[in-house]
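Please open the model in your viewer and keep the selection panel at hand. The stops below say what to select next and what is there.

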Amino acid sequence: MADAEVKTESVGTVVVAGAANLAIAIAKLVAGLLSGSAAMLSEAAHSVADTTTEVLLYLALRRGARPATARHPFGYGKESYVWAFLAALFTFVAGAGFAITHGVTTILVHEHTGNYLTAYVVLAVSFAIESVSLARAVRQVRGESRRWRTTPRRYLRLTADTTVKAVFLEDSAALIGLLIAAAGLTLSHLTGDELYDGIASILIGVLLLVVAAVLAHSNISLLVGRAVSERTHQRIERELAAVPTVDRIDTLMTMFLGPADILVAAKVDFTDDATGADIEAAADEAERRLTAEFPEIAYVFLDPTRSGAGGRTARTTQDEPGRPLGQEA
């Protein structure tokens with residue numbers, strides 16, 4: 001799949017999710033006001049937060065896709081992580097904050113109006129619509145995981161396309177939240193006790209906190225400058241080592257410049273008899289090999305170096321003590 005197609009699919013996924021969340025938010029708000037359910041109103045806040053998040057994610061995709069300029073020679077890919085991070089913060093503050101606060105208030109002072117039917121109907125319709133939105137996100141995740149030769153779960157954990165990750169997690173959380181709201185509403189209906197409705201609202205808020213924390217952490221990691229996964233790192237190293245006249249790879253470093261842009265920099269020890277022309281040809285061959293295998297690789301920088309020059313050893317990078325960069329737990 002070409003980069004343009006990937007970006008188009010991501011935009012489509014975000015637009016579908018945003019439209020679904022907007023329609024659901026209005027329906028939940030009406031149902032919450034009619035029924036007086038705290039969980040229902042919390043779900044309305046959940047959907048409003050998700051709708052706003054989709055708008056921010058759409059901005060992330062559009063602004064991050066702008067071409068490189070003289071002032072920003074590596075492009076604007078990392079700006080997409082800024083907007084995605086703001087989306088996570090909005091989910092944290094608006095969605096989770098309202099749900100938890102309203103749940104506590106309901107437990108302490110609120111009395112239910114008793115109009116449950118509207119809430120049940122909206123919950124059922126919302127579940128169906130959210131399922132359609134999630135199905136599109138799942139389809140994209142599966143397609144991308146096949147392209148990267150990994151599992152969907154691992155792709156979601158390591159992907160640099162945080163917009164797809166955000167839509168998948170938010171839609172999954174939305175379905176779980178609907179089940180929680182339905183359970184709380186039903187228990188309050190059967191027992192006449194608002195405690196269950198309030199607890200359901202608080203649980204929805206906690207669920208949003210978890211999603212927001214996961215997305216915020218992922219975007220911060222990418223803003224700081226995250227490398228590709230260890231498996232991809234090894235595949236890139238094998239491709240470089242297979243280039244004629246390359247004797248060994250002393251150091252290999254990678255970084256995501258955006259959801260679809262990767263930078264590769266390496267210190268390469270060429271064979272002793274390699275001429276300047278041989279090294280130039282090898283550099284061209286390396287770039288062709290890497291971009292053919294990984295279309296996301298936008299920049300390849302090779303630094304010819306002499307093995308063991310000056311007694312130096314290759315630099316080792318780590319993302320935590322005792323674990324090589326990108327290594328999974």
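**Before selecting anything**

This is a predicted model, in which local features need pLDDT of at least 70 and side-chain atom pairs count only at pLDDT 80 or more, while totals for chains, interfaces and linings use all residues. Residues are numbered from 1 along each chain as its sequence is written, and side-chain values use heavy atoms, with hydrogens and water left out.

**Stop 1: the whole chain**

Show the cartoon, in which the protein has nine helices and five strands; these are DSSP runs numbered from the N terminus, with at least four residues of H or I for a helix and at least two of E for a strand. Followed along the sequence, the order is α-α-α-α-α-α-α-α-β-β-α-β-β-β. Of the 329 residues, 46% are buried, where buried means under 20% relative accessible area, exposed means over 50%, and partly exposed lies in between (1.4 Å probe, protein chains only). Among contacts with a separation of 6 or more, 76% join residues 24 or more positions apart, a contact being heavy atoms within 4.5 Å.

**Stop 2: the largest nonpolar core**

Select Ile236, Leu240 and Ile297, the residues with the most contacts inside the largest nonpolar core, which has 60 residues. Helix H6 (residues 162-191) gives the most to this core, with nine residues. A nonpolar core here is a set of buried Ala, Val, Leu, Ile, Met, Phe, Trp, Tyr and Cys residues joined through side-chain atoms within 4.5 Å. In soluble globular proteins, nonpolar side chains tend to be buried together.

Which residues does Leu240 contact, leaving aside its neighbours within four places in sequence? They are Val246, Ile249, Leu252, Ala266, Ala286, Leu290 and Leu302.

**Stop 3: Thr254**

Next select Thr254 in strand E1 (residues 246-258), which is buried because its relative accessibility is 8%. A polar atom of the Thr254 side chain lies 3.2 Å from the backbone nitrogen of Val228. Beyond residues up to four places away in sequence, Thr254 touches Arg226, Ala227, Val228, Ile236, Leu263 and Val264, and Ile236 is also one of the residues with the most contacts inside the largest core.

**Stop 4: the surface and its nonpolar patch**

Switch to a surface view, where the protein exposes about 15600 Å², with carbon and sulfur atoms supplying 63% of it; these areas come from the Shrake-Rupley method with a 1.4 Å probe, and for residues only the protein chains shown count as cover. Then select Val104, Ile107, Leu108, Val109, Leu187, Leu195, Tyr196, Ile199 and Leu203, which form a nonpolar patch with about 760 Å² of accessible area together. Patches are made of residues with over 30% relative accessible area and no salt bridge, with like charges joined within 9 Å and nonpolar side chains (Val, Leu, Ile, Met, Phe, Trp, Tyr) within 5 Å. Helix H3 (79-108) and helix H7 (195-224) each supply at least two residues of the patch, and H7 provides the largest share, four residues. Tyr196 belongs to H7 and is partly exposed because its relative accessibility is 32%.

**Stop 5: Leu59**

Select Leu59 in helix H2 (residues 38-64), a partly exposed residue with a relative accessible area of 31%. Not counting residues up to four places away in sequence, Leu59 touches Gly64 and Trp83. Leu59 and Trp83 are 24 residues apart in sequence, with their C-alpha atoms 6.9 Å apart.

**Stop 6: salt bridges**

Side chains of opposite charge can pair when their charged atoms come close. The whole structure holds 12 salt bridges, each defined as a side-chain nitrogen of Lys or Arg within 4 Å of a carboxyl oxygen of Asp or Glu.

Begin with Arg63 and Glu79, whose side chains meet in a salt bridge at 2.4 Å, N to O. Arg63 lies in helix H2 and Glu79 in helix H3, so the pair ties together parts that are 16 residues apart in sequence. Is Glu79 buried or exposed? Glu79 is buried, with a relative accessible area of 19%. Arg66 sits in the loop between H2 and H3, 13 residues from Glu79.

Finally, select Glu239, Glu285, Arg288 and Arg289, which are linked in a network of salt bridges.

Definitions and conventions: A polar contact is a pair of N or O atoms within 3.5 Å; within protein, one must be able to donate a hydrogen and the other to accept it, and residues adjacent in sequence count only if both atoms are side-chain atoms.
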